[in-house]
Amino acid sequence: MLEELRKKLFFAKFRVLSAKASQEGKIMEFDDEIYEKMKNTIIACFPVSFYIKHSKHMFPIGTCYDRSLYMFLALDNAVLCRGNNKDLEYNYGKGHGGHGWVEVGDYVYDPSIMLKFDKETYYKLYGTTDIMRVDKETYLKEHKDFVDLVASIDFNEFR
């Protein structure tokens, strides 16, 4: 019963805070500028902007990790983030609160809902915990074998 009350209070607070933040311009839809920045990075023959903007329906719940990774690789000065969001835990149960998103400067880009947030607002709204962050230099270093493999492929062979 206590857990159900916590859940109701969380979502009541969420609705109030998100409405206020939207009115204050702290939550925005992805704009054309972000899609433009992602159009030159290609994943499996398509620009990342296509995956994010037009093919959300092809990515079931739980593919936030893939979508955030694509955005991260396409955007300059991006930080890839992984953590737990309280809303996901309440909606899908304990153990299902994991989420992926991208930070760029003072903003959070959530590829699942295609919204840009003021960082402080995002973390306050979603009750995000256990956050792991990685910058592009570190990520590419840690995944060097894969990056080298992809870079060494001569795609002209497939024409």
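Mentor: Start with a cut-off: a residue is buried under 20% relative accessible area and exposed over 50%. L2 has 53% relative accessibility, so L2 counts as exposed. L2 sits in helix α1, residues 2-23. Together with L5 and L9, L2 makes a nonpolar surface patch of about 310 Å².

The model is predicted, so confidence comes before detail. The average pLDDT of the protein is 85, and 87% of the residues score at least 70. Strand β6, residues 107-110, has the highest mean pLDDT among the elements, at 96. Helix α8, residues 144-152, has the lowest, at 63.

The part to inspect is R67. R67 belongs to helix α4, which spans residues 64-74. R67 is buried, yet has no salt bridge. What is the nearest side chain of opposite charge to R67? That is D110, 7.2 Å away. A salt bridge needs a side-chain nitrogen within 4 Å of a carboxyl oxygen. Backbone oxygens do lie by the R67 side chain. The one of P111 is 2.7 Å from a polar atom of that side chain. The one of I52 is 3.1 Å from a polar atom of the R67 side chain.

Strand β6 also holds Y109. With a relative accessible area of 8%, Y109 is buried. Y109 and Y122 are 13 residues apart in sequence, and their C-alpha atoms are 9.3 Å apart in space.

Terms used: Residues numbered from 1 in each chain as written. Predicted model: local features only at pLDDT ≥ 70, side-chain atom pairs only at ≥ 80, totals over all residues. Heavy atoms only, no water. Helix = DSSP H or I, 4+ residues; strand = E, 2+ residues; numbered from the N terminus. Buried < 20%, exposed > 50% of the residue type's maximum accessible area, 1.4 Å probe, protein only. Lys, Arg positive; Asp, Glu negative; His and termini not counted. Polar contact = N/O pair within 3.5 Å; in protein donor to acceptor, adjacent residues only side chain to side chain. Patch = residues over 30% accessible without salt bridge, like charges linked within 9 Å, V, L, I, M, F, W, Y side chains within 5 Å. Areas by Shrake-Rupley, 256 points an atom, 1.4 Å probe, with all protein chains shown as cover. pLDDT = per-residue confidence, 0-100.
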